[in-house]
Amino acid sequence: MASEPRSRPWITGARAALARQFASYLGVSLAALAVHYGVLAVLVETGRADPVRAALAGYFAGAVISYGLNRRLTYASARPHAEATWRFGIVAAIGFGLTWLIMAGLTRGFGLPYLVAQVLATGAVVFWNFLGHRVWTFAVRPVAVLSEEATGVR
């Protein structure tokens, strides 16, 4: 007698919610990437910066777009700006460092064209940023528990 698989709607619902959130994140990321890649290409093609510096300038410009749109659309965060911005900055700074390492390694170390290197760097950093912002930057704040003294309960 074959047993029927157990129904776990909470898993399906949680996975579906995560998939919708990631899809929203990817949409926001496309807007931020348009700014990032635009700054990168303009700086490199006009000779104003080498590909690594241009990629970092583009990353910063894209991060500004990313913060506002992700806060509102992807994570619908109620975390105060004073708290969310520094958290966003920490996650973005780590992504910035990863971008630098990947771009420097691929363009200077392996001699890849800067746009190919940037696509590979973006692919790696997008997952770091999504998870960092999901679990820390814009995560639901824990509810404060009242102490026994405040409630009068012992």
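Biologist: Into how many nonpolar, polar and charged residues does the lining of the largest pocket divide?

Modeller: This is a predicted model, in which local features need pLDDT of at least 70 and side-chain atom pairs count only at pLDDT 80 or more, while totals for chains, interfaces and linings use all residues. Residues are numbered from 1 along each chain as its sequence is written, and side-chain values use heavy atoms, with hydrogens and water left out. The lining of the largest pocket divides into 11 nonpolar, 10 polar and no charged residues, where Ala, Val, Leu, Ile, Met, Phe, Trp, Tyr, Cys and Pro count as nonpolar, Asp, Glu, Lys and Arg as charged, and the others, Gly among them, as polar.

Biologist: What volume does the largest pocket have, and which residues are the closest to its centre?

Modeller: Rolling a probe the size of a water molecule over the atoms shows where empty space is left. A pocket is an open set of points on a 1 Å grid over the protein atoms alone, where a 1.4 Å probe fits, with protein on both sides within 12 Å along at least five of seven lines, and lining residues have an atom within 4 Å of a point. Grid points are joined across faces, edges and corners, and a volume is the space filled by probe spheres set on the points. Here the volume of the largest pocket is about 330 Å³, and of its 21 lining residues Y25, S29, A32, L33 and N129 are the closest to the centre.

Biologist: Is S66 buried or exposed?

Modeller: Buried means under 20% relative accessible area, so S66, at 12% relative accessibility, counts as buried.

Key:
Buried < 20%, exposed > 50% of the residue type's maximum accessible area, 1.4 Å probe, protein only.
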